[in-house]
Amino acid sequence: MTPTRLNALLILLVCGCAATEGPAAKPTPSAEGFFKAATDRAADLPADEFYPRGRRMLCSIYSVGSPELERMRQDGFTAIGPYYGDQTKGKVIEKAKTSGLKCFYAVGKHVDFVKNPKYVMPTDAELTDLATQQVKAVADSPEIAVWCVANEELRHWRPDEMRWLRVTADAIRKADPRRRPVMMYDPNNRNAASLAHTVRYLDFSSKGMYANSIGFKDQRIWIRWGVEQEIGAIRQAKPPAIPIAVLWMAKDPDAPEEDALIADWTRHDVYLSLVSGAKGIIIWSGWNRRKGFERTFSKYYEGYAAAMREINGDLDLARIFLFGERRNDVTITVTSGPPTLSFEYNKETHSYPSVSHLDAACGAERYLFLVNSANVPVKAMVGGLPAAAIQMEDILARGEPRQVTGGKFEVALPRLGVTCLRFRPGPTN
């Protein structure tokens with residue numbers, strides 16, 4: 001979605017509007033209290049390291065090749081990979097050097113246990129030796145940002161597969177003097193209880209959140225459910241771990257007339273992931289010769305790249321998502337359109353507000369991200385602001401500052417629309 005379209009549809013300021021916020025409305029705060037400065041949690045962190053060690057957000061694409069590799073840095077991506085297969089033959093580190101980006105590096109051996117049910121599992125010593133040799137061979141490479149367990153989707157109900165994960169992860173950490181993080185991809189259908197079994201051995205929870213491939217292309221609130229599963233697993237099993245959203249880019253839409261929706265799908269999914277609590281984005285996959293993906297690969301790439309340029313470009317939205325101090329004084333009440341959205345999964349109904357939001361403070365500024373997951377436009381009343389005049393800017397649309405008075409205003413969001421509003425003290429000049 002272009003900034004022009006957002007600017008035309010997005011903001012409808014209503015001073016003294018008759019719409020109410022309902023019984024849950026909070027008292028109007030003072031400007032001083034509303035703009036109380038947040039602590040700078042990134043002040044002592046290096047600018048060239050990834051969160052949580054540094055200030056950068058991890059934003060990457062699996063298996064990316066030319067010509068995308070040549071432009072990813074300019075498009076706001078910060079890493080490449082993971083890549084499949086032999087990492088030396090694939091020249092993963094060389095690709096990172098060429099692109100000027102960091103990379104994932106796969107360790108271990110990939111075995112499809114479903115297709116090879118009689119596979120003889122290695123001993124602990126064999127698993128350790130293989131991982132140790134692979135890590136030590138490249139441990140001095142500063143291009144490597146994350147170690148990736150090559151064998152994906154290991155099943156927690158198979159004790160030998162969890163042993164494989166535990167031993168491999170332990171060996172990686174012991175062989176790496178820099179103690180870089182370790183991840184493994186978990187599949188689309190895993191919930192918090194399942195992810196808790198794997199994340200205890202990892203530094204990231206990185207689960208597929210593929211709305212289109214699971215039948216939820218028109219129920220994209222699924223993305224929020226996916227992030228919440230990771231957060232729930234982390235809370236239960238390993239609080240220091242980081243939730244990463246693994247998003248989808250792998251197939252043309254079934255109907256060509258849906259190609260025009262790709263820009264909205266990709267933008268929505270990135271921002272809903274981050275608003276819901278993800279601290280990084282990995283996209284599967286950058287392999288541009290995939291059968292059935294000949295028509296719209298470039299549309300998907302550009303859709304994700306447009307969001308990355310905002311997040312890691314001059315707007316520096318990553319700073320807010322990673323280090324913003326979450327506040328809960330702003331209220332959102334849908335006044336037109338569906339107030340809630342639901343989907344059925346595993347014989348359960350999951351319901352969420354149609355408009356997800358992130359209310360955060362950075363320094364003395366306040367930010368409000370709004371993401372409409374409905375397939376129709378909505379309007380919502382934003383409340384909980386100071387009654388005195390304050391400044392508001394729609395920074396995604398590069399809008400001019402506007403003045404808000406009375407503690408509330410109405411905002412219009414197109415289908416799957418996203419906005420970020422910045423509030424500052426005082427009236428506009």
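A salt bridge here is a side-chain nitrogen of Lys or Arg within 4 Å of a carboxyl oxygen of Asp or Glu. Keep in mind that this is a predicted model, where local features need pLDDT of at least 70, side-chain atom pairs count only at pLDDT 80 or more, and totals for chains, interfaces and linings use all residues. Residues are numbered from 1 along each chain as its sequence is written, and side-chain values use heavy atoms, with hydrogens and water left out.

Going by that rule, you get 25 salt bridges. Take E302 and R71, whose closest N and O atoms sit 3.0 Å apart. E302 belongs to helix α10 (residues 297-312) and R71 to helix α3 (residues 68-71), so this pair ties together parts that are 231 residues apart in sequence. Helices are DSSP runs (H or I, at least four residues), numbered from the N terminus.

How open are these two? E302 is partly exposed at 29% relative accessibility, and R71 is partly exposed too, at 34%. The cut-offs are under 20% relative accessible area for buried and over 50% for exposed, with partly exposed in between (1.4 Å probe, protein chains only).

Now look at R224 and E228, which meet in a salt bridge at 3.1 Å, N to O. Both are in helix α8 (residues 222-237), four residues apart, or about one turn of the helix. R224 is buried at 18%, while E228 is partly exposed at 30%.

Finally, R155 pairs with E161 at 2.5 Å between the closest N and O atoms, and both residues are buried.

Methods
Helix = DSSP H or I, 4+ residues; strand = E, 2+ residues; numbered from the N terminus.
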